[in-house]
Amino acid sequence: MVDVSKIALSGLNAATQRLGVSASNVANLSSTVRTAEDGSLVNDPYRPQRVVQSSQSSGGVRTDVVEVSNPTIRVYDPASPVAAEDGTVELPNVSLEEEVMQQQLATYTFKANLKVLKTQQELDEALLDTKA
């Protein structure tokens with residue numbers, strides 16, 4: 001028998017993880033510099049991530065957090081203190097539009113799995129009522 005609650009809970013966890021990763025991407029949109037051990041500034045941009053979901057044979061989903069392909073982009077900014085000799089700086093390759101879509105997807109997925117849990121609870125209560 002399929003454990004509907006377990007499957008829905010894995011979907012809730014996946015949605016929560018997707019939202020957290022997307023929030024991290026947005027929060028680090030401008031994170032481009034770190035301080036080296038010698039005190040100098042180094043261009044070391046944040047590397048955006050994505051949640052990849054896969055089905056499990058026992059039901060539910062598994063999530064893995066992976067770095068996006070092409071995690072950085074080069075832009076011309078000769079005034080930056082960490083600009084390369086050619087005047088370019090690496091920035092995180094984060095698209096706000098993509099992140100809004102990821103956050104909406106996480107919200108819809110969370111709500112759908114929550115509805116499954118609520119429906120399962122109602123069915124369980126109805127079953128107990130008929131047996132009583």
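Reply: A residue is called buried under 20% relative accessible area, exposed over 50% and partly exposed in between, with a 1.4 Å probe and protein chains only. This is a predicted model, in which local features need pLDDT of at least 70 and side-chain atom pairs pLDDT 80 or more, while totals for chains, interfaces and linings use all residues. Residues are numbered from 1 along each chain as its sequence is written, and side-chain values use heavy atoms, without hydrogens and water.

Pro 45 sits in the loop that joins β2 (41-43) to β3; helices here are DSSP runs of H or I with at least four residues, and strands are runs of E with at least two, numbered from the N terminus. Beyond its neighbours within four places in sequence, Pro 45 has contacts (heavy atoms within 4.5 Å) with Ser 31, Thr 32, Thr 72, Glu 90, Leu 91 and Pro 92. Ala 8 is 37 residues away from Pro 45 along the chain, and their C-alpha atoms are 36 Å apart.

Asn 25 counts as buried because its relative accessibility is 0%. With residues up to four places away in sequence set aside, Asn 25 touches Tyr 46, Pro 48, Gln 49, Arg 50, Val 94 and Glu 99.

Glu 99 leads on to helix α2, where Glu 99 itself is buried, along with Gln 102, Ala 106 and Asn 113. The cover over the buried residues of α2 includes α1 (4-27) and β3 (49-55). Helix α2 covers residues 96-131, which is 36 residues; at 1.5 Å a residue it should span 52 Å, and the 53 Å between its end C-alpha atoms agrees with that. The expected span is 1.5 Å times one less than the number of residues.

Tyr 108 also belongs to α2. With a relative accessible area of 55%, Tyr 108 is exposed. In sequence Tyr 108 is 93 residues from Ala 15, yet their C-alpha atoms are 8.5 Å apart.

Another exposed residue is Asn 70, at 57% relative accessibility. Asn 70 lies in the loop between β4 (61-67) and β5 (72-76), and its phi is near 55 degrees, a positive value in a residue other than glycine. Most residues other than glycine have a negative phi.

The protein chain has 2 helices and 6 strands, in the order α-β-β-β-β-β-β-α from the N terminus. Along the principal axes, its C-alpha atoms fill a box of roughly 80 × 25 × 25 Å. The radius of gyration, taken over C-alpha atoms, is 22 Å, whereas a compact globule of 132 residues would be near 14 Å; that globule rule is 2.2 Å times the number of residues to the power 0.38. Of the 132 residues, 24% are buried. Among contacts with a separation of 6 or more, 52% join residues 24 or more positions apart.
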